[in-house]
Amino acid sequence: MKNVAKALLNRVEFPVLLAGLVIAGGLWGFEELMEVARATTPHAFDTEILLAFRRAGQPAIPIGPPWLEGAMRDITSLGSSSVLVLITAATIIYLLLIRRPATALLMFVAVAGGQVLSSLLKVGVDRPRPELVSHLVDEMSLSFPSGHAMLSAVTYLTLGSLAARFLPGRTTKVYVLFLAVLTTVLVGVSRIYLGVHWPSDVLAGWCAGFAWAMLCWLVARLLQRRRAVSEEPD
C-alpha cells in the first residue's frame, strides 16, 4: 500500500497536487462558513472583526487617518464588476490578437462562470448585509459570499496563472502570482473596512474564488495534455 501511494505521488505533479488541495480546502472552508452565514444571530467572529475596523463606541467612523477611507474605496473598486469586466475583455481581445483562442475561452469561462456561481450562491444563502456598522459605500445585493472577494480571486488568479506561463524564471512567476493573491486579499479587506460585508462573507468569497480558479486551471491543463487545446506547455 505504501509503495502504491508513493508511486501515485511520483506520477502527480506538484502544481496539480497543490491545486487539488486548494480546491478541497476551499470547498471545505466554504461549507463551514455557510453554516455561520445561516445562523440566526451573527457569530462573535464576525462582530468582533467588523467592530475592530471602527473606532471604539463609534460604529460610523472607521479606524485610521482620513485618507485611508478613500484609499479603501479605490482598492475595493478593483473588485467591482465594471473593472473586472474591463480587465477580462481587454485580456480576451489581446489573446485573440495573438491567436490564442483556447486561452481566451478559458479566461471567459473562468470569469463568467465565477459570476454566475457567485449570483447563485448569494440567492441560495440569502444573507442580508451587516447592520452592525454604517456602510461607507452603497450596496444593494445580498451579502454572502462577497462577490468582490470571489470574483477578484477568480479574475486575478486566472490572469496571474496565464501570465506566469509566459514569463521566464521561477522568481518572476512567483512574483506575478503573489501580486494576484495580494490584490485579492486587499479587495476583500476593503469590503470589511467599508462595512458592507461580514468577515465570513469575504472568507467564503476567497474560498469559492480560489477553488473555482484552480478548477478551471486543472480542466485547462487536462485538455492541454490531451491535445484538445493547442497551447504551449507550462
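## Basis of the report

On a 1 Å grid over the protein atoms alone, a cavity is a set of points where a 1.4 Å probe fits but cannot get out, and its lining residues have an atom within 4 Å of a point. This is a predicted model, in which local features need pLDDT of at least 70 and side-chain atom pairs count only at pLDDT 80 or more, while totals for chains, interfaces and linings use all residues. Residues are numbered from 1 along each chain as its sequence is written, and side-chain values use heavy atoms, with hydrogens and water left out.

## Overall fold

The chain has nine helices and two strands. Both kinds of element are DSSP runs numbered from the N terminus: helices are H or I runs of at least four residues, and strands are E runs of at least two. Read from the N terminus, the order is α-α-α-β-β-α-α-α-α-α-α.

Of the 234 residues of the chain, 41% are buried. Buried means under 20% relative accessible area, exposed means over 50%, and partly exposed lies in between, with a 1.4 Å probe and protein chains only.

## The largest cavity

Rolling a probe the size of a water molecule over the atoms shows where empty space is left. The structure holds one cavity of 30 Å³ or more, and the largest cavity contains about 50 Å³ of space. Such a volume is the space filled by probe spheres set on the grid points, which are joined across faces, edges and corners.

The lining of the largest cavity consists of L106, L157, T158, S161, L162, A213, M214, C216 and W217. Helices α7 (147–166) and α9 (199–225) are the elements that give two or more residues to this lining. By class, seven of the lining residues are nonpolar, two are polar and none is charged. In this scheme Ala, Val, Leu, Ile, Met, Phe, Trp, Tyr, Cys and Pro count as nonpolar, Asp, Glu, Lys and Arg as charged, and the others, Gly among them, as polar.

## Aromatic pairs

Rings of Phe, Tyr and Trp (its six-membered ring) pair if their centres lie within 6.5 Å; planes under 30 degrees apart count as stacked, over 60 as edge-to-face and the rest as tilted. By this rule there are two aromatic pairs. F30 and F144 form a tilted pair, with 5.5 Å from centre to centre and 40° between the planes. F30 lies in helix α2 (residues 14–37) and F144 in the loop between α6 (101–125) and α7, so the pair ties together parts that are 114 residues apart in sequence.

F53 and Y193 form an edge-to-face pair, with 6.1 Å from centre to centre and 85° between the planes. This pair also links distant parts of the chain, with F53 in the loop between α3 and β1 (54–55) and Y193 in helix α8 (residues 170–193), 140 residues apart. Y193 is buried, at 2% relative accessibility.

In helix α3 (residues 44–52), the residues D46, T47 and L50 are buried. They lie on the same side of α3 because they cover an arc of only 90° around the axis. The arc is that of the directions from the helix axis to the C-beta atoms.

In helix α4 (residues 66–76), the buried residues are L68, M72 and T76. Their arc around the axis is only 70°, so they sit on the same side of α4. On the other side of α4, P66, W67 and D74 are exposed.

## Backbone geometry

Most residues other than glycine have a negative phi, and most peptide bonds are trans. A cis peptide bond joins F144 and P145, with omega about -10°. P145 is in the loop between α6 and α7, and D126, with a positive phi near 60°, is in the loop between α6 and α7 as well. R99 has a positive phi near 65° and lies in the loop between α5 (81–97) and α6. R99 is exposed, at 74% relative accessibility.

## Cysteines and a helix contact

A search of the whole structure finds zero disulfides, a disulfide being a pair of cysteine sulfur atoms within 2.5 Å. C207 is buried, with a relative accessible area of 18%.

A110 is in helix α6 and is buried, at 0% relative accessibility. A110 and T155 are 7.5 Å apart in space, C-alpha to C-alpha, and 45 residues apart in sequence.

Technical notes. 1 Å grid on protein atoms, 1.4 Å probe; cavity = no way out; pocket = protein on both sides within 12 Å on 5 of 7 lines; lining within 4 Å.
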